[in-house]
Amino acid sequence: MNYAKIKYYDVSNGPGVRTSLYVSGCRNHCKNCFNPETWDFAYGEPFTAEVGDKIIESMRPDYIKGFTLLGGDPFEPENAAVLAPFMEKLRAAYPKKSLWCFTGYDLEQHLLTGKLGDIETNMRILNTLDVLVDGRFVEELKDINLRFRGSSNQRIILVPQTLEKDEIVLWNEEDFV
């Protein structure tokens with residue numbers, strides 16, 4: 001798996017100061033995508049154990065509130081296979097920090113059904129997350145007033161609560177202020 005970039009002081013992709021990893025590779029090719037260079041699976045640099053360790057170390061300070069995984073698309077099968085063990089290691093290192101992920105795929109239609117990748121691998125990643133922002137970016141539904149998403153069809157899902165209740169539970173900004 002390759003990654004496009006790492007932002008060590010990101011304030012745009014989740015609440016608080018975060019470390020964000022932009023993976024390479026996406027088959028959605030949304031019209032006017034924010035990161036079209038990340039569609040190419042070969043773009044960027046190889047994601048190695050050393051890169052993963054550097055990300056984990058970057059999260060040590062108390063002012064780093066969490067980690068965000070985006071791209072490209074983390075749930076493309078080639079990416080998910082590499083990210084599952086990394087995310088488990090990250091969650092074990094920081095059980096109290098928030099872990100967010102953005103995907104152009106739909107939680108119920110793609111990630112939980114096996115229509116995209118391996119369900120076990122998808123579940124390994126989902127079980128590490130606090131929040132999943134799902135859904136393709138749709139140019140016609142773009143709204144610059146939305147927080148942490150680009151178009152109104154995208155959802156900000158509380159993953160543990162959703163998996164526990166077996167129904168979608170949406171993020172409420174007041175819960176994280």
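Contact here means heavy atoms within 4.5 Å. This is a predicted model, in which local features need pLDDT of at least 70, side-chain atom pairs count only at pLDDT 80 or more, and totals for chains, interfaces and linings use all residues. Residues are numbered from 1 along each chain as its sequence is written, and side-chain values use heavy atoms, with hydrogens and water left out. Helices (H or I, at least four residues) and strands (E, at least two) are DSSP runs numbered from the N terminus.

**The sheet**

- An open sheet is formed by 7 strands with mixed pairing, in the order β3-β1-β2-β4-β5-β6-β7; two strands pair if DSSP finds at least two bridges between them.
- Its edge strands, each pairing on one side only, are β3 (45-46) and β7 (155-158).
- Strands β2 (residues 17-23) and β4 (residues 64-71) run parallel and are joined by 7 bridges. Tyr-22 stands opposite Leu-70 in β4.
- β1 and β2 run antiparallel, with 5 bridges joining them. Ile-6 has Leu-21 in β2 as its bridge partner.
- The two strands β1 and β2 form a hairpin with 6 residues between them, and Gly-14 in the turn has a positive phi of about 140°.
- β1 and β3 also run antiparallel, joined by 2 bridges. Asn-2 stands opposite Pro-46 in β3.

**Helices α1 and α2**

- Helix α1 (residues 49-58) and helix α2 (residues 77-93) have axes that come within 10 Å and cross at roughly 25°. Axes are lines fitted to C-alpha atoms, for helices over the stretch in contact, and angles run from 0 to 180 degrees between N-to-C directions.
- That angle makes α1 roughly parallel to α2 (under 35 degrees counts as roughly parallel, over 145 as roughly antiparallel, 65 to 115 as roughly perpendicular and the rest as oblique).
- From α1, Gly-52, Asp-53, Ile-55 and Ile-56 meet Phe-86, Lys-89, Leu-90 and Ala-93 of α2.
- This contact of α1 with α2 has 5 nonpolar, 1 polar and 2 charged residues (Ala, Val, Leu, Ile, Met, Phe, Trp, Tyr, Cys and Pro count as nonpolar, Asp, Glu, Lys and Arg as charged, and the others, Gly among them, as polar).

**Helices α2 and α4**

- α2 packs with helix α4 (residues 119-126) at an angle of about 35°, the axes being 8 Å apart. The crossing of α2 with α4 is left-handed.
- In α2, Ala-80, Ala-81, Leu-83, Ala-84, Pro-85 and Glu-88 meet Thr-121, Asn-122, Arg-124 and Ile-125 in α4.
- By class, these residues divide into 6 nonpolar, 2 polar and 2 charged.

**Aromatic pairs**

- The count comes to 7 aromatic pairs; rings of Phe, Tyr and Trp (its six-membered ring) pair if their centres lie within 6.5 Å, with planes under 30 degrees apart counted as stacked, over 60 as edge-to-face and the rest as tilted.
- Trp-100 and Phe-148 form an edge-to-face pair, 5.1 Å centre to centre with 75° between the planes.
- This pair links distant parts of the chain, 48 residues apart: Trp-100 is in strand β5 (residues 98-102) and Phe-148 in the loop between β6 (131-134) and β7.

Note on methods: A crossing is left-handed if the near helix is turned anticlockwise from the far one by less than a right angle, and right-handed if clockwise.
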